[in-house]
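Please look over the model shown below before reading on. The report that follows takes up a pocket and then a pair of helices.

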Amino acid sequence: MAYELHYWPMLQGRGEFVRLALEEAGAPYIDVARGTGEDGGGLDAMMRVLEDSSLCRPPFAPPFLKDGAVVVGQTAAILLYLGPRLGLVGTTEADRIWAHQVQLTIADMVTEVHDTHHPVAVSLTYEEQKPEAARRAADFRAHRIPKFFRWFERILGRNGGHHLVGRTVTYADLSLFQLLDGLLYAFPNATHAALKDHPRLEALHLAIRERPRIFAYLVSERRIPFNEEGIFRRYPELDA
């Protein structure tokens, strides 16, 4: 059976980290909310699962994954579940826990990216919190990007320089690629400047992009373009 991925159809967002793992593995999956009512998909299909009162352990919000009767929410938990099944994590417990730790750290940075344009409240528009966003983005550029990048660069170096975990591509590598790709869209000036001091990060980003299945996905219609409705938003004034 194909995996069922549930996420907002107009966004890359947090669902994209899961899509990249499924694409790299060549795993059959259905992007449910991007379907139509005729084929059993669409937003209504996703909302039916979210509102299903028979689920004892319902997901809080998209993304979530259905694998038969199994329902898993939260990006990091989905990848923890999929990693061994897709061959995208090592076989030892130490490798699986380390990959999960790295993924959670990536998730921390993703949250901080989001908070550069919505530092006060998600319910407010960006325009309603522009002064606060400018202050938050300035700190993000000056302090948070360098801090996260130093850590990712360090663990790459301690693991041979090419992968975050083990000696082959894992979902953590794919997620770091997506984080960097999003930052290059949202903060091109700050990110290009920071990557000059972190050559392993830049090399990983380029290497993942060139992987055959990933490249085919990136140039396909399945790859939703970055836009100003998602996590990574390009507001030039925030990338001063």
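## Lining of the largest pocket

In this predicted model, the residues that line the largest pocket divide into 16 nonpolar, 9 polar and 3 charged. The lining comprises 28 residues, and those lying nearest the centre of the pocket are Tyr7, Arg14, Pro62, Pro63 and Ile231. The space within the largest pocket comes to about 640 Å³.

Of the elements, H4 gives the most to the lining of the largest pocket, with 7 residues.

## Packing of H4 against H5

Helix H4, which spans residues 93–117, packs with helix H5, residues 130–158, at an angle of about 165 degrees, and their axes are 9 Å apart. Because an angle over 145 degrees counts as roughly antiparallel, H4 and H5 are roughly antiparallel to each other. The crossing of these two helices, H4 and H5, is left-handed.

On the H4 side, the contact is made by Trp98, Gln101, Val102, Thr105, Ile106, Asp108, Met109, Glu112, Val113, Asp115, Thr116 and His117, while H5 contributes Ala133, Arg136, Ala137, Phe140, Arg144, Ile145, Phe148, Phe149, Trp151, Phe152 and Ile155. Sorted by class, the contact of H4 with H5 has 14 nonpolar, 4 polar and 5 charged residues.

Conventions
Residues numbered from 1 in each chain as written. Predicted model: local features only at pLDDT ≥ 70, side-chain atom pairs only at ≥ 80, totals over all residues. Heavy atoms only, no water. Axes fitted to C-alpha atoms, helices over the stretch in contact; angles between N-to-C directions. Helix = DSSP H or I, 4+ residues; strand = E, 2+ residues; numbered from the N terminus. Parallel < 35°, antiparallel > 145°, perpendicular 65-115°, else oblique. Left-handed = near helix turned anticlockwise from the far one by under 90°. Contact = heavy atoms within 4.5 Å. Nonpolar A, V, L, I, M, F, W, Y, C, P; charged D, E, K, R; others polar. 1 Å grid on protein atoms, 1.4 Å probe; cavity = no way out; pocket = protein on both sides within 12 Å on 5 of 7 lines; lining within 4 Å. Points joined across faces, edges and corners; volume = space filled by probe spheres on them.
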